[in-house]
Every structure is written in C-alpha cells, then in structure tokens.
Amino acid sequence: MSLNFSGQVLRGHSFRGQNLQGADFSYANLRSVDFQGANLTAANFRHVQTGRTWGWTALLLLMCLVMAGTSGLIWAEVNLLFGSLGQGLSPADLLLAFVLWGMVALFYRTTLLQGFPQGAQFLAKNGIWVVILAWATPFAGAGGWWAALFVAAMTVLTLLTTVAMTLTVSVASALTIAITGFTAVILTEAIAMLGAIPSVLFGVHFLNPDLPLSANVVKLLILIITGGEVVLAVYGGWQALSGQSQQRWIEQLAVAVATWQGTNFQGANLTDADFAQSNLRFVDWRYSSLVRTHWQGAIFTLLRPGQTYLRDPVILQLVTQKQGQGQNYQRQFLQGVNLQGANLQNANFSGAILNDAQLRGANLTGAILQHTQLAGANLTGATLTGAYLENWGVTGTTCLDQVKCHYIYLRVPTAANPNPHRKPDNYQATFRPGEFSEFIKPITDTLDLYHTQGVDPHAIALAYQQLEDAHPDSQLQIVALEKRGVNLLIRVKTSPVADRSQLNADYFQAYHHFQAMAQANQKYFFQGSRDSLPAVRSNRASQLAAMITTVLQKNQSKSHPFQRDG
C-alpha cells in the first residue's frame, strides 16, 4: 500500500534513501525536505510547495545584506586609499588615476556585456599595464623605489578589490532578488552604500587630512565612484536572475547558495513522478532520474539542475507548457521527457534524441521526425498524420498502439527533389484504422544502418563482419540494401532481444574506423580474413562489398538474405 502524505506540513523532514514508490505528496509543504537518494517512482507531487523554511530564508537574507554592506565598506576604503596617493595632484598622479578608473570602466563594460569570467580575464590581461604605469609614476616625482613599490601594490589591491567586490555584490544581489523579488535591487544598493558612507567619513579625516582638495569634495568623489561600482555590480546580479545568458556563471553560483537547505531531490529516482501545477523553488535536482517525469504547469524558481534536461531553458519551457507547435528542436537531447498530450504540430525534431520519451496522445501532425531516435518511446494514441518519417529511429521497443494517422511522408522534400514520397501513394487515399501500424511494423523489427556523405563498400563490409563476430547472439541477417540518392540504407534483421541502439553505435564506430583507413590497409584486412577464417566466411566481406557496389552503380534497391556460417 502506497504512503499518503497529501496536504501535510513536512518542513525539515528527511526521507533520505527511503523507498517511497507511488507515495502521495500532493498539496504538501516540502520546504527543506531531504529526498536524497530516495526511490520516488510514480510518486504524486502535484501542487506541492518547496524551498527553505522561514528560519533558513531569514538567515540567508541577513547573510546577503551583511555581504553587501561589508563589500561597500571595503570598496570605499580601498578607493580612498588609492585616491590618497594622488594628494599632490601632479600630472603623473592624474594620469594614473584616469588610466586606472578607465580600466575599471572597461572591466564593467566587458562584464555586463559578456559575463563576469570574461571581465575578470580582461582585467587580468590588461591590468598589468596599469601596474607598470603605477610603478613608473613615483619616479616621475622622484619618489624612489619604495614609493614605486607602494603605489604598484595599491593599484593591484584596487583592481583585485574591484573584481572581488563585484562578484560578492552581484551574487548577494542575485540571492536577495531571489528571496524577496526584484524590489530587492534598491535594498541591496542601499545596504552597500550604508557600508561605504562611514568608511569614507572616517577615512578622509584619519588617513589624509591634508589633501589639496577639500574633505567634502574627496568624500563626494569617492562615494560617486563606489556608488557607481555598486550599482553596476547589482545590475550584474539582476541580469543573472533575469535569465541573461552572459551572467550564467553568476546565476549558477547564486543558485548553489540559494538551494542550500532547500528541498533536496539529489540522486532521487523520479521516474514517472508527477509535479504538475507545483511551485518548485530552491530545489536541487542534481543526479536525479527524471524519466517521463510530468511537469505540466510547474513553476521553477532558482533550480539547481545539474546535468539533467532541466538545465536547458528551451526544454524546460517545453515540458512545463507542452506547447511546441512549429518550434525547432533539431538535434536536441530529449531522452526521457514527458510530452504526453503536447501540441507538437509542425515541430522539427530532425536528429533529436527522444528515446524513452512519453508521447502518449501527443499531436505530431506535420512534425519532422527525420533521423529522430525513438527507441523505447511511447506514442500510444499519438497523431502522426502528415508527419515526415525519413529514417526515423523506431525499434521494436517503440510503442505505436492506436496511433492516429491518415497519411505520412517518407522523406523531407528538398529543392532538388521535392517529392516527399507520400504513403499511401494515392493522394486521394488514407490509412484505414490500424493500417498504419501494419505498414510501419517491418521497419520497427530491423536495425537500420543509414550511410551518407560518401558510401565506402569495403568499410561497410569490414564493419559488418566485425559486428557479426562481436554479437553472435543478435542473429544478424541483412534483409535489404536500399540506395537513396547517393546514400545507402542497410536493413538488418536481429533477434527480438537484441539491443539495436548498441549495435548501431558499435557498427558505426567500426565503419568510421575502417573508412579512415587507406585502401591498401583495407585490402590487408580482407586478406587477413581469408587467412584466419573458414573459406565460406572468408569471402563474405568481399561478397558484401561487391553487392553494395553493384547496388550503388545500378541505381536500384536490392534485398538479399545473409545467413551466418560457421
């Protein structure tokens, strides 16, 4: 009997490593709950609330504000220290100040446009010239070696402080925004400046009371500089939380801190679990199994996805909204996603990986499924009318029960060949109920080896022979050689339990290896086969290569049964 936690307040509870298969957590409060390593297969998480408890949230918010205030204090103090070096207002001092703050301005420009790592890299590469100038400046005023060393050290400290405090304030502002909303931008800036103001007021009178400029002017200049840096750093944090790609690094750092003491699904098995209509804040999904997990209507805030498909914003939007009509998902890794009932009309899945995907009842009318991998996918009740199925990767494990389909196209039309090869061929005819499944069944029972970009018959023969030898239990038997333009399709019958995906991968790894060989080396392998194998088998590779060559030259398809010998 499955466990029932529906509607319960489970704050701070630990289910680490437990077997909770089929458990009902619907409408539960799961703040700071630990599910690490738990078996949650087919569990119900509809309408749940996740995140941290209020105590941990308040502590994190306080930590962020302390970070902002401390950063403002340190920032202003270092800026003041550097500014005090130019007390003589000599041309050399002014030049150094302009070059330094100009370099800092370029650092912020690079950071906000390209990201923090690129900004730090820019400052590391170009800051050396500022340090050299700082070293030379005291000599212009006859300051000597010790003065040169001190000014250079202060310049390095200013540059390092700029980088460190920018990172600190950006992350602190991102966290504050995540906790309290985007109004926290003003709060973060205010706290940082509250740290800067006393630092300036104290520093002006204690460090250098004899500056040629008045104390009030110095205070104003340092506060303007520090305030500008704080605003730009906070803006970087705002960019990160707004989803701007250049601040992905800051976002990831903020997420790592934000999900601390949040709801933890790290390493959990969430196969077939249901999170529909849930509010998922501050959740750690790293290393979790999300096969066919249902996300429709779920709202994600500051998730830590690890390497799961949730890390891709395009896929995240697709699985939560299930509206992919007319969208382009070419070559996307969509293995195990749940798109049950999704509107995927006219979507392009060319070359995409949809193995083990849940597509029950999905509308795939007019969708492009060219070279799409669908091993283990469930298309029960899906609509495939008008879909383009050129070399789609269905296997015996693909469920095509009760598929709704009036007609399909076997190739994607091009300018050179606009014929899409409609089935049924008669444009006035359509498949009768159940007829599509019978039409497609022979394709699902074979291993399809599709060759493009220069077919090499000898490499094919050698790779196929190696595949046969490596997988004797798969009972491989070539049933068809089909020329398609300049390309070649080899259909191979296998045993019902054969892993066609692994066979395909092993074959093409060997094929590309032999294809890269010079023709002389290929002949050596053929000769080696003759010397080491029985007579009947030794000629099989040569016969297959000759037959492929004939099919390619005669512009026809040919079917030929191959039996294993010996």
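The legends below describe close-up views of a predicted model.

**View 1. The open sheet formed by β7, β9 and β8.** Three strands, in the order β7-β9-β8, make up an open sheet with antiparallel pairing. Because β7 and β8 (477-484) stand at the edges, each with a single partner strand, one side of each is left without a neighbour in the sheet. On average, and with direction ignored, neighbouring strands of this sheet are turned by 20° against each other.

**View 2. Bridges from β9 to its two partners.** Strand β9 (residues 487-493) is joined to β7 by six bridges, and seven bridges join β8 to β9. Ile490 in β9 is the bridge partner of Leu449, and Leu481 also stands opposite Ile490. Strand β7 (residues 446-451) is mostly covered, with five of its six residues buried.

**View 3. Helices lying across the sheet strands.** Helix α10 (residues 457-470) lies across β7, β8 and β9 and runs at about 20° to β9, whereas α11 lies across β7 and β9 and runs at about 30° to β7.

**View 4. Helix α11 and its buried side.** The 16 residues of helix α11 (residues 500-515) reach 22 Å from the first C-alpha to the last, close to the 22 Å expected at 1.5 Å a residue. Buried in α11 are Arg500, Leu503, Tyr507, Phe508, Ala510, Tyr511 and Phe514; these residues cover an arc of only 165° around the axis, which puts them on the same side of α11. An α-helix has 3.6 residues a turn, so residues three or four places apart point the same way.

**View 5. The N-terminal cap of α11.** Asp499 caps the N-terminal end of α11, with a side-chain oxygen 3.2 Å from the backbone nitrogen of Gln502.

Technical notes
Residues numbered from 1 in each chain as written. Predicted model: local features only at pLDDT ≥ 70, side-chain atom pairs only at ≥ 80, totals over all residues. Heavy atoms only, no water. Buried < 20%, exposed > 50% of the residue type's maximum accessible area, 1.4 Å probe, protein only. Helix = DSSP H or I, 4+ residues; strand = E, 2+ residues; numbered from the N terminus. Pairing = 2+ DSSP bridges. Expected span 1.5 Å × (residues − 1). Arc of directions from axis to C-beta. Polar contact = N/O pair within 3.5 Å; in protein donor to acceptor, adjacent residues only side chain to side chain. Axes fitted to C-alpha atoms, helices over the stretch in contact; angles between N-to-C directions. Contact = heavy atoms within 4.5 Å.
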